[in-house]
Amino acid sequence: MNLLLLIIGIILMQGAVYHYLLKRYKQSKQLILYMVISSLLIIGQAIFMYYTFKDATLVHLMKLFTLECGILALAWTDFREHIIPNEVIVTLLSLRVIFYIWEFIELQNCFFQVLTNSLMSFLLIGLFLIAVRLIAKDSIGFGDIKLMITMAVYQGFMGVFSSIFLSLLIMSIVGIVLLVTKKKKKKDTMAFAPSVLVGLCVSMTMSGI
């Protein structure tokens with residue numbers, strides 16, 4: 001029953017993502033293909049995680065896939081326009097509040113541990129990234145900072161650390177390939193959200209957080 005609810009939730013979230021992207025961009029074959037393939041992959045990932053991490057609660061899995069679907073939208077906008085839209089970040093943070101309420105009802109005694117981990121991760125990751133931006137100017141954009149602190153409140157410290165590490169690794173590999181093939185120059189900027197999407201997906205699948 002929980003697996004069915006999880007899949008239904010993912011389909012509804014993917015529908016919301018498609019509606020948002022459709023409002024922002026014209027319908028195209030690329031967008032339709034992006035949504036169809038990503039939906040199938042996410043549902044497959046959900047089934048795998050459901051049977052692999054048997055102790056994971058429905059609220060935990062739904063929370064993670066809400067984040068993933070949100071970043072799916074951000075990956076498309078960042079790739080197309082090199083921006084992280086505030087409305088997606090605000091929506092994700094608003095939904096996180098709803099998940100806090102759900103966790104409070106379902107987890108009870110464990111809730112305050114989850115809440116503390118989430119808020120401390122938000123604070124630590126946020127301060128660290130702001131310090132990096134101040135020390136090394138233009139090394140990281142405010143959009144990327146907003147994205148990563150949003151991930152922190154969803155995943156907690158260990159989860160977001162794993163996701164960011166994998167995202168940076170993936171982005172480095174892609175950057176090297178693009179430089180070697182001369183499709184990018186050293187001064188060219190690269191969209192970070194697509195690498196975050198892949199890093200998050202891998203991290204979630206491997207660790208369940």
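This is a predicted model: local features need pLDDT of at least 70, side-chain atom pairs count only at pLDDT 80 or more; totals for chains, interfaces and linings use all residues.

Reader: Why is the pair of Phe 99 and Tyr 154 called edge-to-face?

Author: The ring centres of Phe 99 and Tyr 154 are 6.4 Å apart, and rings pair if their centres lie within 6.5 Å. The planes of these two rings stand at 70 degrees, and an angle over 60 counts as edge-to-face. The pair of Phe 99 and Tyr 154 is therefore edge-to-face. A search of the whole structure finds 7 aromatic pairs.

Reader: What makes this a link between distant parts of the chain?

Author: Phe 99 belongs to helix α4 and Tyr 154 to helix α6, and the two are 55 residues apart. Both residues are buried. Ring pairs also join Phe 99, Trp 102 and Tyr 154 into a cluster.

Reader: Why is the pair of Phe 111 and Phe 112 described as edge-to-face?

Author: The centres of these rings lie 5.2 Å apart, and the limit for a pair is 6.5 Å. The planes of Phe 111 and Phe 112 meet at 70 degrees, and the class edge-to-face begins over 60. The pair is therefore edge-to-face.

Reader: How do you know whether Phe 128 is buried or exposed?

Author: Phe 128, in helix α5, has a relative accessibility of 53%. The cut-off for exposed is over 50%, so Phe 128 counts as exposed. Phe 128 and Ile 8 are 120 residues apart in sequence and 37 Å apart in space, C-alpha to C-alpha.

Reader: What makes Arg 96 a residue that lies over the face of Tyr 100 and of Tyr 154?

Author: The distance part of the test asks for CZ of Arg within 6 Å of the ring centre. Arg 96 is 3.9 Å from the ring centre of Tyr 100 and 5.7 Å from that of Tyr 154.

Reader: Which residues touch the most other members of the largest nonpolar core?

Author: Of the 54 residues in this core, those touching the most other members are Leu 6, Leu 21, Tyr 34, Phe 65, Ile 71, Leu 147 and Met 151. Two or more core residues come from each of α1, α2, α3, α4, α5, α6 and α7. The largest share, 14 residues, comes from α3. Beyond its neighbours within four places in sequence, Ile 71 is in contact with Leu 147, Met 151, Ala 193, Val 196, Leu 197 and Leu 200.

Reader: What lines the second largest pocket?

Author: This pocket has a volume of about 410 Å³. Of its 22 lining residues, the closest to the centre are His 60, Lys 63, Val 114, Asn 117 and Ile 209. At least two lining residues come from each of α3, α4, α5 and α6, and the largest share, 7 residues, comes from α6.

How values were computed
Residues are numbered from 1 along each chain as its sequence is written. Side-chain values use heavy atoms; hydrogens and water are left out. A nonpolar core is a set of buried Ala, Val, Leu, Ile, Met, Phe, Trp, Tyr and Cys residues joined through side-chain atoms within 4.5 Å. Buried means under 20% relative accessible area, exposed over 50%, partly exposed in between (1.4 Å probe, protein chains only). Helices (H or I, at least four residues) and strands (E, at least two) are DSSP runs, numbered from the N terminus. Contact means heavy atoms within 4.5 Å. Rings of Phe, Tyr and Trp (its six-membered ring) pair if their centres lie within 6.5 Å; planes under 30 degrees apart count as stacked, over 60 as edge-to-face and the rest as tilted. A charge sits over a ring if NZ of Lys or CZ of Arg is within 6 Å of the ring centre and within 35 degrees of the ring normal. On a 1 Å grid over the protein atoms alone, a cavity is a set of points where a 1.4 Å probe fits but cannot get out, and a pocket is an open set with protein on both sides within 12 Å along at least five of seven lines; lining residues have an atom within 4 Å of a point. Grid points are joined across faces, edges and corners, and a volume is the space filled by probe spheres set on the points.
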